[in-house]
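Here's a quick tour of a two-chain model, going from overall layout down to single residues. Have the viewer open as you read.

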Amino acid sequence: MTAYLIRRIFQALFVMLAMAVLVFAAVYMLGNPVDALLSPDSDQIERAAAIQRLGLDRPLYEQFGLFLWNAVRGDLGTSFVYGIPAIEVLMLRLPTTLELAVFAMLLALAIGIPLGIIAGMRPGSFAGKTIMAGSILGFSLPAFWVGLMLILIFAVTLQLLPSGGRGETVQVFGANFASLTLDGLKHMILPATTLALYKASLVIRVCESGTREVMSQDYIRFARAKGLGFWRIVSLHIFKNVMIPVVTIMGMEFGGLLAFSVVVETIYAYQGMGELLISSINRLDRPVVVTYLLFTTVMFVVINLVVDILYAVLDPRIRLSEESA
Amino acid sequence: MSQPPATPARAPLPKQNILLIQAAKFIEKPSAVVGLLILLVAVVVALLAPWIAPQNPYDLMQIDIMDNMLPPGSELMSGQIAWLGTDSQGRDMLSAILYGLRISLSVGITTVLIAGAIGATVGVAAAFIGGRFEAVVMRIVDLHLAFPSILIALVLLSAFGRGIDKVIFALVIVQWAYYARTVRGSALVETRKDYIAACEVLQLPRWRVLFRHLLPNCIPPLIVVATVQVAGAILLESTLSFLGAGVPVTEPSLGMLISQGYSYMLSGKYWIAVFPGVMLVVVIIAINLVGDRLRIVLNPRLSS
């Protein structure tokens, strides 16, 4: 087990290093940030000074070495646009995106689990078919278009909900949270629904196949024969068994949720990490883009590592086959 | 292309029968047939766009700025009726949608062909060669799939800039791993079968076993993944274009049209964004319906 752990962690570190190289190379091709920073009529001396200040005149390998060393120490440069450390810019936006993602995840579960179980219990029925057709629709609709349609219906036509922005927030432990005020919640409904739609379809599919599998098991027949009520069977036997794959998938999909917040936040002008990435790319704010990508990489690698280790702990076959390999 | 002498093992008759049986099975489900029909119409319409569209929306001679933002059903200065309205430049939306569909479909299909070829080769090679090569390749594939494709494509495109070729390149980089994993899975099953052993007994060259015997037998699951991935590629392209990192303004795909209409939507001019979106959604759903059915038809375990 220890050998497996060490090898896995070593692999994770290697992945992070590889990503650091890729991110650095990709961002290096993004364009010259000096062009974006200085006014077009600045002279050569001003340009040269700016280039030197940003360290852009040094050789490439030196820039990368410095970048890596600083990154390890948590210093990812100063944002060209905001003038404060890039990591701070990102951390200011992180709670917003996390809040939205958690809200969307809860929404996806609240919609997906009951519908999935209903569809799984009555596969051939009208309700079952409708739910499964709806889940195909959920997979097919582009998130940004759903966002536009929700704005059109609820903000423009019915004027029930705001079309964008975050609304009123409350500061808790140094971070602003919108879910604590009524206005903030109202601003969150449309973005969270847009973000949740795809995941809800996924949850429906997983719950449906899980429920169908459980329904054919002997213990459900015995529970029925024993005279257990409908709700008792659903809550005790079906729900618990269906939750295992749902939890696994949700763990893996949480990262995807954060990534897709890039799209949703752009539509709703929601000031989170995703919106920050897009605006930083457009403004050639290199340090912020790099910080975002490295932060996301570390997060994904850590999530994968934890999932893998949990599996290895839960299922001896995995670590045995890995050790003999 | 020189055909090798026909081997008696590959008699044509049974193969045709299998295709017919599969086609008959496909038709059994009405929703799949509807999906296929919609898809065929979309492809034909996209191919014929320059001839059937009411105007060429990117020929400045044919559009009139006086026609801008007309609601659906209005009459243009030229006397034509804009059934789906016009955009801020006075372009007929129906024509813009037909041209956009052309770009979206060609991006999707080209991506899938290139990514499928690369992924299938890598996957079948990994299964066939095995050992360290397989371990390294599959580790890369796993990592690749763990990362959200939208982020990879977004960063690549912000580095390369806009352009149809660049979008396709970015999408290929994002998608090849799906095919590699699928093909490796089915190739692992196939390598254990007798005909591969027979090839080895005959001492056929390895590349020939790989490409002429192993790869063709891994095709059915590949087709299923490829179908769904066409939809995936079109969706991803439209999302990227919406975010401003996709196709250039001069060659707008459906996603680009939606993005252009977005800013006018808040003032109630819904048609600029809504109609291209409807087209996009209809095409994606049609592809997914076909893919869903193909999965069942082409799966040997389910067909018995």
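## Overall layout

Chain A has 13 helices and 2 strands; helices are DSSP runs of H or I with at least four residues, strands are runs of E with at least two, and both are numbered from the N terminus. Chain B likewise comes to 13 helices and 2 strands. Along the principal axes, the C-alpha atoms of chain A fill a box of roughly 85 × 65 × 35 Å, while those of chain B fill one of roughly 75 × 45 × 35 Å.

A bit of bookkeeping: residues are numbered from 1 along each chain as its sequence is written, and chains are lettered from A and ligands numbered from 1 in the order in which they are written. This is a predicted model, where local features need pLDDT of at least 70, side-chain atom pairs count only at pLDDT 80 or more, and totals for chains, interfaces and linings use all residues.

## How confident is the predictor?

pLDDT is the predictor's confidence in each residue, from 0 to 100. Chain A has a mean pLDDT of 81, with 91% of its residues at 70 or more. Chain B averages 84, and 93% of its residues score at least 70. For the model as a whole, ipTM is 0.77 and pTM is 0.82.

## Burial and contacts

A residue counts as buried if 20 or more other C-beta atoms lie within 10 Å of its own, exposed if 12 or fewer do, and partly exposed in between, with C-beta atoms placed from the backbone. On that basis, 36% of the 325 residues in chain A are buried, and for the 304 residues of chain B the figure is 45%.

Two residues are in contact if their C-beta atoms, placed from the backbone, lie within 7 Å. Take the contacts in chain A between residues at least 6 apart in sequence: 70% of them join residues at least 24 apart. In chain B, residues 24 or more positions apart account for 68% of the contacts with a separation of 6 or more.

## Where the chains touch

The contact between the chains takes 30 residues from chain A and 29 residues from chain B. On the chain B side, the elements giving two or more residues are helix 5 (131-146), helix 6 (149-160), helix 10 (219-242), helix 11 (254-265) and helix 12 (271-297) of chain B. What classes of residue does that side have? It has 23 nonpolar, 6 polar and no charged residues. Here Ala, Val, Leu, Ile, Met, Phe, Trp, Tyr, Cys and Pro count as nonpolar, Asp, Glu, Lys and Arg as charged, and the others, Gly among them, as polar.

A nonpolar core is a set of buried Ala, Val, Leu, Ile, Met, Phe, Trp, Tyr and Cys residues joined through C-beta atoms within 7 Å. The largest one holds 161 residues, and the members touching the most others are A104(A), V203(A), I97(B), V124(B), A153(B) and L154(B). Helix 4 (residues 93-129) of chain B gives the most to this core, with 19 residues.

Leaving aside neighbours within four places in sequence, V124(B) is in contact with V183(B), A187(B), L210(B), L214(B), L215(B) and C218(B). F128(B), found in helix 4 of chain B, is buried, with 22 other C-beta atoms within 10 Å. Beyond four places in sequence, L98(B) is in contact with V45(B), A49(B) and A53(B). The C-alpha atoms of L98(B) and M279(B) are 9.2 Å apart, although 181 residues separate the two in sequence.

Helix 4 (residues 60-72) of chain A has 13 residues and should span 18 Å at 1.5 Å a residue, which agrees with its end C-alpha atoms being 18 Å apart; the expected span is 1.5 Å times one less than the number of residues. This helix is hardly covered, with a count of 1 buried residue among its 13. Just after helix 4 of chain A, G74(A) takes a positive phi of about 85°.

Q159(A) has a positive phi of about 55° although it is not a glycine. Q159(A) sits in the loop between helix 7 (143-157) and strand 1 (170-172) of chain A, and counts as exposed because it has 9 C-beta neighbours inside 10 Å. A269(A), not a glycine either, has a positive phi of about 50°. Its place is in the loop between helix 10 (230-267) and helix 11 (273-282) of chain A, and with 12 C-beta neighbours inside 10 Å, A269(A) counts as exposed.
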